[in-house]
Amino acid sequence: MNRFAILVLPFLVAVQPLAANDRYVVLDQELTRLIDDFNGMSDKVRLLFISGPTCGICLRGLADLNDAFIAARQGDPRLHTFVLHVPTLDAEERHVGPSIQLLEGPRVSHYWDPDGRSGLGFQRALGLPIYAWDVWLIYPPGVRWTQGEDPPEPDFWQHQLGGLKQGEKLDPEIFAAETIRRVEALDFQAQPTAVARNDRPPTLIKVDQPRGVMIGQNLEARGGYARLKQIRGIEAIGTIEVGGQPLTLALELARPDVVNRRVETPAGPAEASVRHGRIRYSGTGPQPLPRDVDVAILKAFELDGWLADWKDKGHKVWRLGMIKDAQRLPWVLEVEHRNGQIWQMYIDSHTGDAYRLQLMDGDGEPAFGIEYDDFRDVDGYRFAHTVRYLNGDEVLAVERYESIRIDAG
């Protein structure tokens with residue numbers, strides 16, 4: 001039954017947050033508790049999500065809908081969300097808890113369906129040719145679910161199932177608008193309740209998507225593997241700001257690992273060059289970054305990036321999972337560079353952008369970080385136009401590129 005999905009439903013008792021040791025309900029084969037809770041809130045608009053707790057795309061859907069409107073509606077007594085977790089992608093009950101952090105609150109109930117049979121009932125209810133999971137349903141007030149029968153047909157639904165012709169692909173803005181329209185049509189006398197903030201730090205969530213999915217998304221976002229291999233060199237002109245002072249910056253990058261960098265400082269130019277991992281500094285001005293940070297970055301440079309042909313280059317890549325990061329839910333990879341450095345890479349699960357790198361020290365803690373922002377298209381390739389170098393919360397330097405020129409075959 002490993003291919004079955006888990007349906008996670010918001011669960012609320014007397015509109016109180018679930019206790020830390022009661023964050024989800026384990027269902028029997030008849031789904032008794034879920035059906036009772038669903039019917040017990042038949043005066044509300046109810047959302048029902050069927051999700052796999054190790055499915056990164058499902059998790060992204062939970063986070064997107066929470067960010068789009070559910071978090072802001074936790075005080076609204078007219079709306080309740082049910083999340084049904086199913087055992088797809090080898091998911092087990094132990095995976096449910098970490099996934100709940102993406103969508104939780106006093107008006108959200110989570111359930112674990114150990115056998116995954118619920119997906120078959122929703123498959124019949126929706127008239128689908130495949131098992132129903134990664135589906136997102138809206139039920140209006142008044143609809144009830146009869147014990148022993150398939151779930152009722154929803155008023156509106158979307159999905160993230162590849163190749164499915166029925167229904168619409170999940171669009172958080174459309175789903176939010178459809179939900180809010182139904183909620184606002186209700187005339188409740190009850191006033192919205194205040195909801196305490198959840199200040200627990202986000203934790204890593206295991207996902208079962210192959211690392212190739214994450215790597216492939218990043219390569220495609222940057223222009224595609226074949227086109228990336230056509231790049232012979234890159235020239236970038238801009239500034240690097242150090243201590244609040246912007247300095248003129250010129251970069252020349254070439255295949256496979258050549259770097260020429262020139263920074264104009266008040267004390268004269270500061271130049272750095274790299275050939276096959278060998279670094280040479282020259283000029284009369286100070287280099288913009290601390291030497292240990294600069295050496296670590298320059299030694300790890302590759303024009304293709306680490307993920308293209310990573311096996312052939314001698315790198316090692318592991319998937320760590322996903323973690324909520326402000327408004328992003330990135331894939332997190334760990335890369336052991338052939339030079340021995342250990343990096344963690346955050347890849348936006350929507351865009352494929354590798355927007356954060358962290359060099360890890362011997363204790364497994366970040367030694368320093370690099371953040372990439374302001375991604376734009378350049379001749380069909382995607383490049384960040386802002387780069388920040390960080391030591392913890394301290395900003396060491398900020399690069400801003402005014403122009404990027406690609407030399408491609």
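**Ground rules.** I number residues from 1 along each chain as its sequence is written, and my side-chain values use heavy atoms, with hydrogens and water left out. The model is predicted, so I asked for pLDDT of at least 70 for local features and 80 or more for side-chain atom pairs, while totals for chains, interfaces and linings use all residues.

**Entry 1, strand E7.** I looked up E7, residues 156–159; helices (H or I, at least four residues) and strands (E, at least two) are DSSP runs, numbered from the N terminus. Phe156 and Gln158 point one way, Trp157 and His159 the other. In a regular strand, side chains alternate between the two faces of the sheet. All four of these residues are buried, meaning under 20% relative accessible area, with exposed over 50% and partly exposed in between (1.4 Å probe, protein chains only).

I then checked pairing, for which DSSP must find at least two bridges between two strands. E7 runs antiparallel to E6 (residues 135–139), joined by 4 bridges; Trp157 is the bridge partner of Leu137. With E8 (residues 168–169), E7 pairs in the parallel sense over 2 bridges, and there Gln158 is partnered by Glu168.

I took a core as a set of buried Ala, Val, Leu, Ile, Met, Phe, Trp, Tyr and Cys residues joined through side-chain atoms within 4.5 Å. The largest has 75 residues, of which Phe49 and Phe175 touch the most other members. Helix H2 (residues 56–70) gives the most to this core, with 6 residues. Apart from it lies another core of 29 residues, including Tyr111 and Trp145.

I listed contacts (heavy atoms within 4.5 Å) for Phe175, leaving aside neighbours within four places in sequence; among them are Phe49, Leu65, Leu137, Phe156 and Gln158.

Is Gln358 buried or exposed? Gln358 sits in strand E17 (residues 354–360) and counts as buried because its relative accessibility is 17%.

I searched a 1 Å grid over the protein atoms alone for cavities, sets of points where a 1.4 Å probe fits but cannot get out; lining residues have an atom within 4 Å of a point. Of its 39 lining residues, the closest to the centre are Leu253, Phe301, Glu302, Leu357 and Tyr372. Strand E19 (residues 381–391) supplies the largest share of the lining, 5 residues.

Key. 1 Å grid on protein atoms, 1.4 Å probe; cavity = no way out; pocket = protein on both sides within 12 Å on 5 of 7 lines; lining within 4 Å.
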